[in-house]
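Please look over the sequence and the structure shown below before reading on.

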2 protein chains.
Amino acid sequence: MTNVNLKHLAKELNLAVSTVSRALRDSYDIGEETKRKVMALAKKLNYEPNPYASSLRKQKSRTIAVIIPEIANNFFSLAINGIEEIAQEKGYHVLIYITHEDYNKELSIMRYLQNGRVDGVLMSVSSNTDDIEHIINLKQRNVPIVFFDRICENVETAKITTDDYESGFKATEHLIQQGCTNIAYLCISKHLSIGNKRMHGYLDAIKKYKLRSPQTNIVFGSNNHEENYNKVKKLLSAKNRPDGIFASVEKLALTAYHAAHELDIHIPKQLKIISFANLETAPLLKPSLTTITQPAFEIGKRAAMTLFRSLDKKNAPIINETIILNATLIPRESTRK
Amino acid sequence: MTNVNLKHLAKELNLAVSTVSRALRDSYDIGEETKRKVMALAKKLNYEPNPYASSLRKQKSRTIAVIIPEIANNFFSLAINGIEEIAQEKGYHVLIYITHEDYNKELSIMRYLQNGRVDGVLMSVSSNTDDIEHIINLKQRNVPIVFFDRICENVETAKITTDDYESGFKATEHLIQQGCTNIAYLCISKHLSIGNKRMHGYLDAIKKYKLRSPQTNIVFGSNNHEENYNKVKKLLSAKNRPDGIFASVEKLALTAYHAAHELDIHIPKQLKIISFANLETAPLLKPSLTTITQPAFEIGKRAAMTLFRSLDKKNAPIINETIILNATLIPRESTRK
DNA sequence: CTGTTAGCGCTTTCAG
DNA sequence: CTGAAAGCGCTAACAG
């Protein structure tokens with residue numbers, strides 16, 4: 001870190017450090033002549049202010065954190081893309097943290113953030129987070145939080161989500177219209193808002209169309225892939241096994257695929273699958289999967305914009321509101337044209 | 001930022017700030033009794049040191065930057081996953097920057113990093129980066145850089161790559177073994193190391209099997225999707241159009257798919273495609289694409305480990321070495337079993 | 001318009 | 001074993 005700093009510039013120009021500092025930003029207050037000289041030298045020496053000194057002084061880091069459960073998943077990648085774009089526009093830096101669906105990791109990550117490291121947090125909670133103390137804690141330390149996708153209902157802050165209930169309803173309806181009469185629902189965790197909302201949509205569609213849905217048709221998965229696989233396999237091995245599956249996340253759709261394949265159940269003839277999924281490659285590579293695609297990039301952007309709105313204005317509080325963006329159902333037929 | 005800091009703790013305990021500071025880390029030097037008291041209060045008040053004050057003082061940020069051209073791409077998502085895992089293990093924070101294949105963005109990002117914001121950088125260069133001054137610049141400011149995947153040959157530092165030449169050779173050979181005699185190669189940029197190495201593998205395979213390959217069979221794409229699409233369409237519209245395509249990146253494979261589809265060329269009957277791709281969902285969703293899959297997660301981990309090796313030991317210089325990991329060819333047949 | 005001064009919160013000599 | 005004091009690089013209040 002052998003680096004040029006304000007002191008260097010000041011000495012070289014026979015000016016006070018503060019003058020140089022102001023010339024470099026304030027502007028209105030410093031003579032044109034001086035400003036030009038300072039700017040010139042700064043450019044010449046490739047001066048870049050030390051961010052941490054400035055953060056320490058201003059108590060603002062111009063940095064936000066993004067906390068997500070996983071990243072090798074198109075939804076979150078796209079969301080980050082949107083977040084990063086807005087952040088770059090606003091001159092903010094983005095720290096990324098992956099919880100790997102681990103509540104304890106989420107906890108310790110949020111501890112790190114509580115002392116000024118970031119000005120705000122964008123997060124999608126881990127699937128086994130049912131306690132919200134750590135989140136409230138951070139909020140109380142004046143770190144604004146915006147949830148996206150996997151929200152916490154009972155934290156008062158901005159939330160950007162998809163129309164999960166409606167999408168769940170439509171997904172189920174879609175399967176029914178395809179002739180399914182025995183539809184199962186797969187989701188990752190009882191704790192997740194998205195899973196529950198989608199489930200309610202599913203249940204209401206079942207009800208509306210007067211289908212029966214045995215309790216066993218709802219599978220709650222976990223972090224453990226093996227376990228999920230066995231549960232789904234069991235589901236598909238039953239005498240009256242489902243002829244349609246609505247998976248609340250892509251990963252479970254794939255689990256179902258694998259299981260069906262092993263059990264020699266033909267997709268989509270004997271089993272139709274619909275799933276929330278953000279396969280960028282979808283139009284070409286998923287001939288047999290109907291997807292419900294979330295506007296991930298947009299969600300990321302909106303989440304970031306919402307956060308920055310409160311950061312830009314001097315600590316304007318984040319409004320406790322939910323912005324709901326619509327997902328799109330992309331039937332597999334259309335993928336073949 | 002109403003926050004508890006060392007001064008608070010010190011006052012509360014009737015100790016000097018320095019004593020508290022040391023009790024919280026140094027340990028050997030402070031009385032057991034005092035230490036316990038300090039620790040207890042720190043825990044109770046949920047004390048978390050201000051990272052920027054400490055960074056400023058120690059001239060170390062415990063933060064690294066990851067600079068990548070894009071993120072909505074499985075390769076980079078997986079790599080980040082690996083990077084983040086190692087970083088978390090080491091107690092480092094990860095800043096993420098996306099260049100969107102834009103040289104100018106890459107430039108300005110690296111400017112931000114030159115004054116202590118990060119202790120090191122992991123990067124995959126943008127496709128239109130042919131000038132390396134900004135990289136050298138950063139290196140000279142004592143910010144170690146490790147390249148992964150898209151490396152810069154002529155910067156002396158550690159590089160983690162895939163066996164691009166061999167994979168290019170094998171990919172081409174694979175198409176030849178499938179009966180292709182007129183194979184085209186698609187890549188994104190003349191500047192990229194990976195594209196060039198893969199191309200050499202391709203050319204050597206063509207040579208070895210004594211196929212002819214008209215110059216027109218090599219397509220250099222760009223950032224512009226439309227443009228790429230037209231180039232590929234033109235390629236596939238020629239009288240003696242190729243019967244095999246080796247795409248150096250997933251995106252171009254998809255472009256080829258689209259073009260073939262529009263021109264009513266059947267895949268894989270009339271045109272076989274092989275491509276570098278990291279489709280996590282591959283086993284199920286890509287019935288017609290043979291892929292060469294890079295160990296992305298591993299690459300990320302190795303890159304991070306290499307960087308941390310030099311950060312952990314007091315500024316041990318990064319060795320100018322290239323670590324080459326092997327990609328795996330996954331034929332489409334095996335996806336159907 | 002410019003300089004002086006006093007910190008931001010932490011670490012680290014240097015003294016006791 | 002503990003305290004006092006200096007200073008990382010920057011900003012901002014206060015003087016001139």
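Where in chain A does A:Asn217 lie? In this predicted model, A:Asn217 is found in the loop between α9 (193-208) and β7 (218-220) of chain A. The points below begin with this residue, continue with other residues of chain A, and then turn to chain B.

**A:Asn217 and its surroundings**

- A:Asn217 has a relative accessible area of 2%, and because buried means under 20% relative accessible area, this residue counts as buried.
- The side chain of A:Asn217 is joined to the side chain of A:Asn182 by a polar contact of 2.8 Å, and the side chain of A:Asn217 also reaches the backbone oxygen of A:Ile183, at 3.3 Å.
- When residues up to four places away in sequence are not counted, A:Asn217 touches A:Asn182, A:Ile183, A:Ala184, A:Tyr185, A:Tyr202, A:Leu235 and A:Pro242.

**Other buried residues of chain A**

- A:Arg150 is located in the loop between β4 (145-148) and β5 (158-162) of chain A, and with a relative accessibility of 3% A:Arg150 counts as buried.
- The side chain of A:Arg150 makes a polar contact of 2.8 Å with the side chain of A:Glu101.
- Leaving aside neighbours within four places in sequence, the residues in contact with A:Arg150 include A:Pro69, A:Phe76, A:Glu101, A:Met123, A:Ile188 and A:Leu192.
- A:Gly116 belongs to the loop between α6 (103-112) and β3 (120-123) of chain A, and A:Gly116 is buried, having a relative accessible area of 8%.
- A:Gly116 and A:Val143 are 27 residues apart along the chain, while their C-alpha atoms are separated by 8.2 Å.
- A:Phe75 is part of helix α5 (residues 74-90) of chain A, and at 5% relative accessibility A:Phe75 counts as buried.
- Not counting residues up to four places away in sequence, A:Phe75 touches A:Phe148, A:Asp149, A:Asn278, A:Gln294, A:Ala296 and A:Ile299.
- A:Phe75 and A:His174 are 99 residues apart in sequence, and from C-alpha to C-alpha they are 22 Å apart in space.

**Helix α1 of chain B**

- The buried residues in α1(B) are B:Leu6, B:Leu9 and B:Ala10.

**Helix α3 of chain B**

- Helix α3 of chain B, residues 32-45, has 14 residues and reaches 20 Å from its first C-alpha to its last, which is close to the 20 Å expected at 1.5 Å a residue.
- Within α3(B), the residues B:Lys35, B:Val38, B:Leu41 and B:Ala42 are buried.
- Seen down the axis of α3(B), these buried residues fall within an arc of 140°, so they line one face of the helix.
- The face of α3(B) that is turned away from its buried side carries B:Glu32, B:Arg36, B:Lys43 and B:Lys44, which are exposed.
- The buried residues of α3(B) are covered by elements including α1 (6-13) and α2 (17-23) of chain B.
- Just after α3(B), B:Asn46 takes a positive phi of about 60°.

**The contact between chain B and chain A**

- The contact takes 62 residues from chain B and 61 residues from chain A.
- Between them, chain B and chain A bury about 6,200 Å², with 54% of this on carbon and sulfur atoms.
- Between the two chains the count is 2 salt bridges, and B:Glu48 forms a salt bridge with A:Arg111 in which the closest N and O atoms are 3.0 Å apart.
- Across the interface of chain B and chain A there are 23 residue pairs in polar contact, with both residues at pLDDT 80 or more.
- The elements that give two or more residues to the side of chain B that touches chain A are α4 (51-58), α5 (74-90), β2 (93-98), α6 (103-112), α11 (250-262) and α12 (282-285) of chain B, and the largest share of that side, 7 residues, comes from α5(B).

Terms used:
Residues numbered from 1 in each chain as written. Chains lettered and ligands numbered in written order. Predicted model: local features only at pLDDT ≥ 70, side-chain atom pairs only at ≥ 80, totals over all residues. Heavy atoms only, no water. Helix = DSSP H or I, 4+ residues; strand = E, 2+ residues; numbered from the N terminus. Expected span 1.5 Å × (residues − 1). Buried < 20%, exposed > 50% of the residue type's maximum accessible area, 1.4 Å probe, protein only. Arc of directions from axis to C-beta. Contact = heavy atoms within 4.5 Å. Buried area = accessible area lost by both parts, 1.4 Å probe. Salt bridge = Lys/Arg side-chain N within 4 Å of Asp/Glu carboxyl O. Polar contact = N/O pair within 3.5 Å; in protein donor to acceptor, adjacent residues only side chain to side chain.
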